[in-house]
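User: I have a model open and would like to talk through how its parts pack. Could you take me through it?
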Amino acid sequence: MTSKKLFIAMAIMACTCSMTAQTQLSKYQPGITTDGAIYYLPKTAMHFVVQVEKTTYTPGEYAAYAERYLALQNVKADKSTSFRVTKVIMQTVGQADTAKCFAVKFNAKSTATNLELADDGVLLAINSQGIRQEHPQRFIPAPKVRPVNPRQFLNEEILSAGSMAKRAELIAQEIYNVRESKNLLTRGEADYMPKDGEQLRIMLNQLNEQDEALTQLFAGTTVRDTSEYIIMTCPMQSVTDMVLFRLSQHLGLVEADDLSGEPYYLTVEDLHIVPAPAPDKKKKKKLEEEGIYVNIPGRAKVTVSHNNQTLYTEECTVAQFGNVELLSAELFNKRYITHLRLNPVNGGLEMMESEPVK
């Protein structure tokens, strides 16, 4: 090869490499254009809403004298924190299944041109208004009650006592005095009885508040706070005793792989209500342009358990436990207008109506 031919060959190879390096491949993106639409069918995810109650116990300043002066037994002297699961519920949510991506081409012979897609590209409706998924309501914890300061009920004699034991004795005597006042009021034997029922209610509430606040100096206080967590999973097949989350008595709800907590298990059983499609070797696979694909969802039994006790169980419809069916393009020819609405969670048919074109 002459030097001139060699230079030309090298230039061609360099241009080819440069063009190859600039080539970029991209996946189909769902959306609607003037020529057609690309859409997804959904798969069904499971959102588990778990409410965990945190209980914090703070011992009273005079806990050591609780049994001696108030006959309160088993009063703890150390601060403690514990957690427990109070509620588990499940919400099914649809999300785009990228393995079920289909295309439909608009043409003059078809009435399937008015498609509605969700934000993630899931097909919602054709020639109709789709159903939008409802967002779960946010958990709003109850407002915390401002604790009553028991020291505002201590008189001068109590505050000037020289020892803790003496203060505990005087506080206990004050508690008994408050309780005696309540008994006299309820029996109508008090020296100064209220004039009406509303005044009696106010006086009893004040005495109850004072009794509770002073008793806390011995028995301690217990505060409960509830937090809500959402755990998401999307099983594509049956699962048995999968660790959904763990609960630690010191840390609360932790990840499924955190061995500091006790496991809570998830079992999802495919009920196999939809038979598997029979293979048809004679038929060629139909193209997406020949019709509209929809889900034929299956059903599953979902169970959450802990220590062999069932906390939650429910049957639900699951898209990925079923099949995909092709609706013939004949439903959308120029002789008929077919109104189609799909379930946004499982992709199944919610409504299909056809009317002749006038």
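User: How do α4 and α5 cross, and at what angle?
Analyst: Helix α4 (residues 164-187) and helix α5 (residues 197-219) have axes that come within 10 Å and cross at roughly 155°, where axes are lines fitted to C-alpha atoms over the stretch in contact and angles run from 0 to 180 degrees between N-to-C directions. The two helices are therefore roughly antiparallel (angles over 145 degrees).

User: What should I know about the model itself?
Analyst: This is a predicted model, in which local features need pLDDT of at least 70 and side-chain atom pairs count only at pLDDT 80 or more, while totals for chains, interfaces and linings use all residues. Residues are numbered from 1 along each chain as its sequence is written, and side-chain values use heavy atoms, with hydrogens and water left out.

User: Switching topic, where is K43, and is it buried or exposed?
Analyst: K43 lies in strand β2 (residues 36-58) and is buried (under 20% relative accessible area, 1.4 Å probe, protein chains only).

User: Which side chain of opposite charge is nearest to K43?
Analyst: That is D97, at 4.8 Å, and K43 has no salt bridge, a term that requires a side-chain nitrogen of Lys or Arg within 4 Å of a carboxyl oxygen of Asp or Glu. Not counting residues up to four places away in sequence, K43 touches residues including V93, D97, C234, M236 and V345.

User: And how many helices and strands are in the chain?
Analyst: The chain has 5 helices and 13 strands, taken as DSSP runs (H or I, at least four residues, for helices; E, at least two, for strands).

Conventions:
Buried < 20%, exposed > 50% of the residue type's maximum accessible area, 1.4 Å probe, protein only. Lys, Arg positive; Asp, Glu negative; His and termini not counted. Contact = heavy atoms within 4.5 Å. Parallel < 35°, antiparallel > 145°, perpendicular 65-115°, else oblique.
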